[in-house]
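Biologist: I have a structure on my screen and I am new to this. Can you show me how to read its features one at a time?

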Amino acid sequence: MTERSTGKLVAIVLAAVAVVLAGIAVIVVATRRAPVAATIDTRAVAAADLVTLGSDSQVRFDLQGAHVDDVALAGRLGLLPGDVVVELSGVPILQARDIERVITLNGREIYVELVRDHTTTIARWKMVGELRDARQAARDSARPSLPLPPPSTIAPPAQDPLLETIVRDDDTHVHLPRATVEAVVADPMKYISTVRVVPAMANGMPSGFKLYAIRPGSLPARLGLENGDRLDAVNGMRIDSSAAALEAYTKLRHAVRLDVSLTRRNQPVEITILIN
């Protein structure tokens with residue numbers, strides 16, 4: 001089996017485990033050939049620079065991602081020559097309008113997956129300024145005669161009634177119907193973009209999976225998961241490889257209680273999920 005097909009198998013198995021375990025959202029493991037760097041580079045980035053990333057003529061897009069040839073812009077974003085921006089907050093960056101999707105989310109922190117020297121690196125951009133304000137300012141500068149659209153014409157984001165069935169009793173106790181689990185399992189692709197998961201390493205060995213880019217109100221957020229959490233185990237079963245995930249899937253497919261063990265800001269956290 002090739003490395004790419006193995007990666008896809010890991011992603012599929014982990015996704016199945018996550019949703020069947022009520023849970024833990026749909027886990028999407030990086031399926032690219034490049035290894036994942038263990039550290040995360042954090043830097044402050046002006047919202048206007050992210051907007052520019054989607055409009056600069058010196059930014060090229062292809063099936064790999066975004067290539068920033070504008071040296072000044074690359075420097076402000078903390079990019080090195082040859083870096084390829086693959087994803088922003090879980091959104092694959094294949095064309096300029098993909099960056100527009102990220103801007104619409106108006107996040108305060110953007111998790112960036114990029115390939116640098118054949119290694120996948122995760123960076124975090126802490127936004128300075130509001131993304132939507134920066135986008136509007138750029139539009140006003142380009143088309144000053146166009147009026148702002150009235151707020152009433154902006155449709156609110158669609159609500160998912162399925163997520164309304166998930167009830168959090170407190171920060172560490174959640175319950176939901178079995179029908180909700182089955183509905184998520186039946187359509188897992190709908191929830192893939194709501195969380196970004198990468199393998200965690202400790203002393204050169206696999207150590208769970210780190211969760212990033214969790215969107216407010218999404219499935220993982222409803223289940224009490226937070227950005228930066230490391231998924232360690234479910235019902236005492238370690239989740240750190242495709243084999244472990246498959247074993248958990250087999251044994252816990254019809255479980256009515258799931259004790260999800262996490263590491264959050266270097267402290268152990270356990271979330272109990274009850275399925276009825």
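Modeller: Start with Asp171. Asp171 is exposed, at a relative accessible area of 57%. One caution before we go on: this is a predicted model.

Biologist: Which residue meets Asp171 in a salt bridge?

Modeller: General idea first. Side chains of opposite charge can pair when their charged atoms come close. Here the partner is Arg168, and the N to O distance is 3.6 Å. Arg168 is partly exposed, with 38% relative accessibility.

Biologist: How many salt bridges does the structure hold?

Modeller: There are 15 salt bridges in the structure. Take Arg76 and Asp49 as another one. Their closest N and O atoms are 2.9 Å apart. Arg76 lies in helix α3 (residues 71-77) and Asp49 in helix α2 (residues 47-53), so this pair ties together parts that are 27 residues apart in sequence.

Biologist: Which residues are linked in a network of salt bridges?

Modeller: Look for Glu226, Asp229, Arg264 and Arg265. Salt bridges link these four into a network.

Biologist: Now a single residue. Where is Asp259 placed?

Modeller: Find the element before you look at the neighbours. Asp259 is in strand β14 (residues 257-264). Its relative accessible area is 17%, so Asp259 is buried.

Biologist: What does Asp259 form a salt bridge with?

Modeller: With Arg257, and the closest N and O atoms are 3.2 Å apart. Arg257 is partly exposed, at a relative accessible area of 45%. Asp259 also has a polar contact of 3.1 Å, side chain to side chain, with Thr272.

Biologist: Which residues does Asp259 touch, leaving out those up to four places away in sequence?

Modeller: Asp259 touches Ala233, Val234, Asn235, Glu270, Ile271 and Thr272 on that count. Keep Asn235 in mind. We come back to that residue next.

Biologist: What is the phi of Asn235?

Modeller: Most residues other than glycine have a negative phi. Asn235 is not a glycine, yet its phi is positive, about 50 degrees. Asn235 sits in the loop between β12 (230-234) and β13 (237-238). At 31% relative accessibility, Asn235 is partly exposed.

Biologist: And what is the phi of His118?

Modeller: His118 has a phi near 65 degrees, again a positive value in a residue other than glycine. Look for His118 in the loop between β6 and β7. His118 is exposed, with a relative accessible area of 69%.

Biologist: Which residues line the largest cavity?

Modeller: Its lining is made of Asp41, Arg43, Leu77, Gly78, Leu79, Leu114, Arg116, Thr121, Ala123 and Trp125. By type, five are nonpolar, two are polar and three are charged.

Biologist: Which strand gives the most to the lining of the largest cavity?

Modeller: That is β7, with three residues. The strands β1 (36-46), β6 (109-116) and β7 (119-128) each supply at least two residues of the lining.

Biologist: One last case. Where is Arg135 found?

Modeller: Go to helix α5 (residues 131-142). Arg135 has a relative accessible area of 16%, so Arg135 is buried. Now compare sequence with space. Arg135 and Leu50 are 85 residues apart along the chain, and 9.1 Å separates their C-alpha atoms.

Biologist: Which residues does Arg135 touch, not counting those up to four places away in sequence?

Modeller: On that count, Arg135 touches Val51, Glu100, Ile103 and Thr104. Pick each one out on your screen.

Note on methods. Residues numbered from 1 in each chain as written. Predicted model: local features only at pLDDT ≥ 70, side-chain atom pairs only at ≥ 80, totals over all residues. Heavy atoms only, no water. 1 Å grid on protein atoms, 1.4 Å probe; cavity = no way out; pocket = protein on both sides within 12 Å on 5 of 7 lines; lining within 4 Å. Helix = DSSP H or I, 4+ residues; strand = E, 2+ residues; numbered from the N terminus. Nonpolar A, V, L, I, M, F, W, Y, C, P; charged D, E, K, R; others polar. Salt bridge = Lys/Arg side-chain N within 4 Å of Asp/Glu carboxyl O. Buried < 20%, exposed > 50% of the residue type's maximum accessible area, 1.4 Å probe, protein only. Polar contact = N/O pair within 3.5 Å; in protein donor to acceptor, adjacent residues only side chain to side chain. Contact = heavy atoms within 4.5 Å.
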